[in-house]
Amino acid sequence: MKNIISILGMAAGIWAMTSYDQDKTPETKKVCHEKLGKDQKPLKDKAGKILQDCKVIKIHKKLEGTEVPTKK
């Protein structure tokens, strides 16, 4: 009987941990910059399009706070 209770407890704990992680997905944003050559001019491919270097970054929210009082 103790084995069944401990197995159910472990299963409930694992379920709670996996469901908690799925709720907190960070907000992301795609940022692209033009690729530059040695002469600081944008690089182009064979079709004439400007090459870009793109990355997906996380967006961090800024927290508002109160000002720290200055010492006299």
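Q: What makes the link between Cys-32 and Cys-54 a disulfide?
A: Their sulfur atoms are 2.1 Å apart. A disulfide is a pair of cysteine sulfur atoms within 2.5 Å, so Cys-32 and Cys-54 qualify. A disulfide is a covalent bond between the sulfur atoms of two cysteines. A search of the whole structure finds 1 disulfide.

This is a predicted model, in which local features need pLDDT of at least 70, side-chain atom pairs count only at pLDDT 80 or more, and totals for chains, interfaces and linings use all residues. Residues are numbered from 1 along each chain as its sequence is written, and side-chain values use heavy atoms, with hydrogens and water left out.

Q: Why is the disulfide of Cys-32 and Cys-54 called right-handed?
A: The torsion about its S-S bond is about 110 degrees, so the disulfide is right-handed.

Q: Why is Cys-32 called partly exposed?
A: Its relative accessible area is 33%. Buried means under 20%, exposed means over 50%, and partly exposed is in between (1.4 Å probe, protein chains only). So Cys-32 is partly exposed. Cys-54 has 34%, so Cys-54 is partly exposed as well.

Q: How do you know which residues Cys-32 touches?
A: Contact means heavy atoms within 4.5 Å. By that rule Cys-32 touches Gln-52, Asp-53 and Cys-54, not counting residues up to four places away in sequence. Cys-32 and Asp-53 are 21 residues apart in sequence, and 5.5 Å apart in space from C-alpha to C-alpha.

Q: What makes Lys-61 and Glu-27 a salt bridge?
A: The N to O distance is 3.7 Å. A salt bridge is a side-chain nitrogen of Lys or Arg within 4 Å of a carboxyl oxygen of Asp or Glu. So the pair of Lys-61 and Glu-27 meets the rule. The count comes to 1 salt bridge. Lys-61 lies in the segment after β2, and Glu-27 in the loop between α1 (2-23) and β1, so the pair ties together parts 34 residues apart in sequence. Side chains of opposite charge can pair when their charged atoms come close.

Q: Is Lys-61 buried or exposed?
A: Lys-61 is exposed, with a relative accessible area of 68%. Glu-27 is at 45%, so Glu-27 counts as partly exposed.

Q: What sets the phi of Gln-40 apart?
A: Gln-40 has a positive phi of about 65 degrees, although it is not a glycine. Most residues other than glycine have a negative phi. Gln-40 is in the loop between β1 and β2. At 57% relative accessibility, Gln-40 counts as exposed.

Q: Which residues does Leu-36 touch?
A: Leu-36 touches Lys-41, Pro-42 and Leu-43, not counting residues up to four places away in sequence. Leu-36 is found in the loop between β1 and β2. At 44% relative accessibility, Leu-36 counts as partly exposed.

Q: How many helices and strands does the protein have?
A: The protein has 1 helix and 2 strands. From the N terminus on, the elements run α-β-β. Buried residues make up 1% of the 72 residues.

How values were computed. Helix = DSSP H or I, 4+ residues; strand = E, 2+ residues; numbered from the N terminus.
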